[in-house]
Amino acid sequence: MEITINPQIEESWKEVLSAEFQKEYFIELKNFLLNEKKHYEIYPPGHRIFAAYNYTPFDKIKAVILGQDPYHNPGEANGLCFSVNDGIKMPPSLQNIFKELQDDLKCPVPKSGKLERWAVQGVFLLNTSLTVRKNQAGSHRNIGWEKFTDATIQAISKKKEKLVFMLWGKWAMGKMDLIDKNKHLILTASHPSPLARTGFLGCRHFSKANEYLKNKGIEPINWCL
């Protein structure tokens, strides 16, 4: 009997990625996660796993920011890369993102680390792995999520045009070959983590993204939160 998987994902994405949900790797991934939940606490909560897709429908995308895997400490992960829930101390990477935003566009540093206001404007905030075990960074890498998110990036590149891809750090830059540079703008920089020595602060990616969008006749993003 054919197994049908209907994840909690926005309709335009469900259509674009419908073939992926039926592939063997995705069925195995779902079974893995069902078993994991019997033994471990998993982040983000189930209804937030596809939050990046649900906040930013396929036809609304203007920019793509790639992260690695969700935050693994309690209460942090909300399904959008680099974003944290209200009341959660901002991780160092997010602090540096806001510092660059302030230097680049004079945006005041926000009190909240929630990035939904970016997502609803068309900033697709995708982690390359969509789940993680509590307190175990990278614990759900190489279980199938990368195949799914690679297919996502390829679909965006192929079916869309005039987007900005903001790739921060070696992990994100490793996805560059999935993107058609003749159709899209690719911006690269070091990871915003303070552990990365140089290259993120001063990258001016936010103003460069808006300049590109305006030149293409697309409404720029209000990055200030």
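Arg141 is partly exposed in this predicted model, with a relative accessible area of 28%. Its side chain meets that of Asp69 in a salt bridge, N to O at 3.5 Å. Asp69 counts as buried, at 15% relative accessibility.

**Other salt bridges**
- The count of salt bridges comes to 8.
- One of them joins Arg133 to Glu36, with the closest N and O atoms 2.8 Å apart.
- Arg133 belongs to strand β4 (residues 132–133) and Glu36 to helix α3 (residues 24–39), so this pair ties together parts that are 97 residues apart in sequence.
- Arg133 and Glu36 are both buried.
- Asp104 pairs with Arg204, the closest N and O atoms being 3.3 Å apart.
- That pair links helix α5, which holds Asp104, to the loop between β6 (185–189) and α9 (205–215), which holds Arg204, 100 residues apart.
- Asp104 is buried at 6% relative accessibility, whereas Arg204 is partly exposed at 39%.

**Largest pocket**
- The volume of the largest pocket is about 420 Å³.
- It is lined by 24 residues, and those closest to its centre are Asp69, Pro70, Tyr71, Ser93 and His191.
- The lining has 10 nonpolar, 11 polar and 3 charged residues.

**Ser93**
- Ser93 lies in helix α5 (residues 92–105).
- Ser93 counts as buried because its relative accessible area, 12%, is under 20%.
- Beyond its neighbours within four places in sequence, Ser93 contacts Phe82, His191, Pro192, Ser193 and Pro194.

Key
Residues are numbered from 1 along each chain as its sequence is written. This is a predicted model: local features need pLDDT of at least 70, side-chain atom pairs count only at pLDDT 80 or more; totals for chains, interfaces and linings use all residues. Side-chain values use heavy atoms; hydrogens and water are left out. Helices (H or I, at least four residues) and strands (E, at least two) are DSSP runs, numbered from the N terminus. Buried means under 20% relative accessible area, exposed over 50%, partly exposed in between (1.4 Å probe, protein chains only). Contact means heavy atoms within 4.5 Å. On a 1 Å grid over the protein atoms alone, a cavity is a set of points where a 1.4 Å probe fits but cannot get out, and a pocket is an open set with protein on both sides within 12 Å along at least five of seven lines; lining residues have an atom within 4 Å of a point. Grid points are joined across faces, edges and corners, and a volume is the space filled by probe spheres set on the points. Ala, Val, Leu, Ile, Met, Phe, Trp, Tyr, Cys and Pro count as nonpolar, Asp, Glu, Lys and Arg as charged, and the others, Gly among them, as polar. A salt bridge is a side-chain nitrogen of Lys or Arg within 4 Å of a carboxyl oxygen of Asp or Glu.
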